[in-house]
Amino acid sequence: MKKHILNVLGERVVVADGAMGSLLFDRGVDSSSCYDALNLTEPALVQSIHKAYADAGAEIIETNTFGANRVKLGRFELAHTTREINLRGAELARGEAGAERWVAGAMGPLGRMGLDAVSQEEMEDVFSQQALALVEGGVDFIMLETFASLSLLLTALRGVKACVSVPVAAQMVFTQRGRTHSGHTARECFDALIRAGADVVGLNCGIGPKNALEVVQGLGPVTVPLSVLPNAGFPESSGDRLIYASSPEYFARRTAACATYGARLLGGCCGTAPEHIAALVRALDAGSPEARIISVSPDEIKTQTAAPTRLSRRLGEGKVILVELDPPKHLDVEPVLVAAEALSAAGVDAITIAENPLAVPRLSNIVLAGMVRARTGVEVVVHMTGRDRNLVGMQSTIMGLAASKLHNVLAVTGDPPSAGSAERVSGVYDLRSLELMELLAGFNQGRNHYGDSMRLPVNFCIGGAFNPNTRNMALQVGRMEKKMAAGASYFLTQPVYSRARVDEILAATAHIKAPIVLGIMPLASSRNAEFLHNEFPGIEIPLETRERMARAGDHGQDEGVGIAWELLEYAWPYFAGVYIIPPFNRHSMALELMRRLGR
């Protein structure tokens, strides 16, 4: 009689199978198809892959149900077949596993939720529904796999444990550095999963056998069986498919070596095939000749800190004047540099440079920031949005800023692309303002998102945006408090146009200790005022001000400066300074306000 899987894992290493999706693709299934539905439409094809793994020596056969939850199936209009697909998946795997092998019910995450976001309770129910069908179909245990989010995996684990009594393996995706994309270490993840009731913990996908071995080597003892199912190395794109480079022999040597460090369930993920599993079985049976490999520990984070920026010091010493310049939509940067020279000569404390405002492509604000500083020597604040870069690109950009000594950063989420551009342009938003601030603060502590040492110190002066032009000021102040906790050390407000709004800001932020710099955008004309009021996000201009601009006619720019000065003169004693945003880069308007302030 077959032993309970947990009992066997307590005694010896057990070999699981490898990839399913890549083999289905190799056998002619289009990548846009619902692979789980093949349990119903092409059962012989699915069964042939199970048989190939069984013939290769796999002792655990996984069901073809990785995406067979009602959320993912719903994207193919197949949610109503959830139970049927999982039942049939379990039956197909059981048919090839026979009496001596175990069947694992494969369950993956829900994918990007977007507008389909659901509550915690509903997500737990989604996982419960799938697990119940798999157990009804005869699986020996559930394998939760390829989860990049610890919180989602804990949700799945709760949902599964609440409805079935079979063991549950919980597997995370880690980066090359042995952390999740949210920065959790393998030890932190496994401890949390064990506390939540996982019977097996481990890793799969994401990394190849070398990095998987390094994770296991640095892990230490684990109180439940440990599973390791790496990819066959890192993929290379070739047409519509991904090619994995690791040979079966290399994969087997490195994966088998994980047993030396406590792994008890070994198998493969993306890019692995029956040949890889057969090689793994041979390596384990031969005792694996792999010598003990000492993983190289990351460089120690240097304890010294970089000096604060001049802007950071000025914010702590007295009032500041910041002026924004937008990069051009073309390659002629000379007008912007001339404006920067004039502002520098007038004594501006810093020039801020926006990043593609309104999601319109402009010259790189980072490149322009370097040019402005080189030409003038003035402090520059670089706006960074979460819209245009993923997590990898964002970290690369931050390292570039640090290496270029551009240490003043305004971290914002970024204006969304217009609806009309949706077919060609999409916002990335891996990081929104809070997460971006946390990332920058991590660099200040000497590490990137994955915990890697940056070797040299950096001291970003992190600014945040504050929008007071809202009906719910308390909500915005609450976000301000969260931004301070995330690393923001000062705030620039959206442009303000009334004394009443200034008074509201002062009352609502009286408890805020971080410096607040008031945003002032002089109006250039009546047309400019109407556009800003009616179409520009986060700006509200009183009717009285718009009427004054209408009466000014051809003298609109002078009137706009006058209105701005009246408000600035009123507010100046109560704020850490002023953030002047001249429309259309008309820096002469900023120079006039600076002159009236005594600069």
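Visitor: What pLDDT does the protein chain average?
Guide: The average is 90, and 92% of the residues score at least 70. pLDDT is the predictor's confidence in each residue, from 0 to 100. This is a predicted model: local features need pLDDT of at least 70, side-chain atom pairs count only at pLDDT 80 or more, and totals for chains, interfaces and linings use all residues. Residues are numbered from 1 along each chain as its sequence is written, and side-chain values use heavy atoms, with hydrogens and water left out.

Visitor: Where does pLDDT stay under 50?
Guide: Over residues 288-304. Where pLDDT is low, the predicted coordinates should not be read in detail.

Visitor: Why is Asn69 called buried?
Guide: Buried means under 20% relative accessible area, exposed over 50%, partly exposed in between (1.4 Å probe, protein chains only). Asn69 has 0%, so it is buried.

Visitor: Why is strand S17 described as largely enclosed?
Guide: Five of its five residues, 516-520, are buried, so the rest of the structure largely encloses S17. Strands (E, at least two residues) and helices (H or I, at least four) are DSSP runs, numbered from the N terminus.

Visitor: How do you know that S16 and S17 pair?
Guide: Pairing takes at least two DSSP bridges between two strands. Three bridges join S16 (residues 490-495) to S17, so the two pair.

Terms used
Contact = heavy atoms within 4.5 Å.
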